Amino acid sequence: MTLAVRVPEELSARVPAEQRGPGRQRDDVRLLVSRGTEPAHHAFRELPCLLRAGDLLVVNTSPTLAAAVNGRIAHARVVVHFSTRGDAAYGGAGRWAVELRDPDGRGTTRARAGGPAGTEVRLPGGVRLTLEEPLSPGSGRLWWARAAGGAGAGGRGAADVPGLLREHGRPIRYSYTERDQPLSVYQTVFALPSADGAGSAEMPSAARPFTAGLVAELVSRGVQFAPVALHTGVASAEVHEPPYPERFSVPEASARLINAVRAGDGRVIAVGTTAVRAVESAMGPDGVVRAREGWTDLVVTPGRGVRVVDGLLTGLHEPEASHLLMLEAVAGRAAIDRGYEEALRGRYLWHEFGDVHLLLPEEGPAEGPHGEHCFSNCP
């Protein structure tokens, strides 16, 4: 799916919401709500009024890694984006999927041809990264690589890549942003550390506007939360490839809660495309969501459809982005076309620090605690 729109450069969110003015907070972003093909404009802080008791928000707890590290190939400077940690089931234990990029002189990077096999990248702390093979046949962007050396490795053993990222890494940043930001800016309120140092190369950004106070208000209104994890890899910023296999986990408690809400009157609303991919990967042929963990290669398209989620909270994506196929699967092509036209007309901001879009089923408005309809008149 490609949208027939152009996003002006000035609509890129260059800094986080809390840095756009005195007193601003993370939840000071706008919320476009699409019920079918009828979009409406709200502030994100009105979300508790737009949902109803019994609704379930599925949230991704994957932490964001400081996944960009400076390196050198011979005398040339490069930036390594660490994308995905392999294991025995995928990629091979001790390997990482990485993307090599060229620094652009403005603090960000531009695309670089990958490979060839055997290329060695020197990284800080005496770590050496050796490219071994492309992640998939015909793809030169991501490569499986092995890191060796560094502190504690005696110069020969496997390197401690999570330790390398903690000490020398920084969050991946693209050219539409204004400046480097601390890693805390890229963590959502739902992020939890993982025991093995796994995490997302890029922030699960749909959840970024949530604050602890907003979560408490949602809970007080009867909205429930189901945590899942999906460790997202490096996006293809230039060519918008479909996602590669990613590690995910749906806990038993979350699976039970999702099934209970689906059996009742509530709606299952995913916070981010990563949450959709996780829960849709955990549904069995019998229509029941079960606890599952491992790797998913699922790509949600209109042809495949969605079987678990009723709605989706997501950012605004580039007109060529592969994620738009998932949005179309959730809401239909007409709703996405109409919503993006309205977002452009309303001067919404794009990308991970920008505004957000809530896709809901076409039905009557939610009622507030005193019976008032608050879809169009949130307090």
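Reply: The lining of the largest cavity consists of four nonpolar, four polar and two charged residues (Ala, Val, Leu, Ile, Met, Phe, Trp, Tyr, Cys and Pro count as nonpolar, Asp, Glu, Lys and Arg as charged, the others, Gly among them, as polar). This is a predicted model, in which local features need pLDDT of at least 70 and side-chain atom pairs pLDDT 80 or more, while totals for chains, interfaces and linings use all residues. Residues are numbered from 1 along each chain as its sequence is written, and side-chain values use heavy atoms, without hydrogens and water.

A cavity is a set of points on a 1 Å grid over the protein atoms alone where a 1.4 Å probe fits but cannot get out, and lining residues have an atom within 4 Å of a point. The volume is the space filled by probe spheres set on points joined across faces, edges and corners. Strand 5 (residues 76–85) gives the largest share of this lining, three residues (strands are DSSP E runs of at least two residues, helices H or I runs of at least four, numbered from the N terminus).

Over the whole structure, the search finds two cavities of 30 Å³ or more. The second largest cavity has a volume of about 50 Å³. Its lining is made up of Ala68, Val79, His81, Gly107, Thr108, Thr109, Arg170, Pro171, Ile172, Arg173 and Asp180, which divide into four nonpolar, four polar and three charged.

As for packing, the largest nonpolar core has 41 residues, and Ile258 and Trp350 have the most contacts inside it. Such a core is a set of buried Ala, Val, Leu, Ile, Met, Phe, Trp, Tyr and Cys residues joined through side-chain atoms within 4.5 Å, buried being under 20% relative accessible area with a 1.4 Å probe, protein chains only. Helix 6 supplies the largest share of this core, five residues. A separate core of 29 residues includes Leu129, Ala159, Ala201 and Val234.

Beyond its neighbours within four places in sequence, Trp350 is in contact (heavy atoms within 4.5 Å) with residues including Val7, Leu11, Leu316, Tyr340 and Leu344. Tyr340 also belongs to the contact between two helices: Leu324, Leu327, Glu328 and Ala331 in helix 6 meet Arg333, Ala335, Ile336 and Tyr340 in helix 7. That contact comprises six nonpolar, no polar and two charged residues.

How values were computed:
Buried means under 20% relative accessible area, exposed over 50%, partly exposed in between (1.4 Å probe, protein chains only). On a 1 Å grid over the protein atoms alone, a cavity is a set of points where a 1.4 Å probe fits but cannot get out, and a pocket is an open set with protein on both sides within 12 Å along at least five of seven lines; lining residues have an atom within 4 Å of a point.
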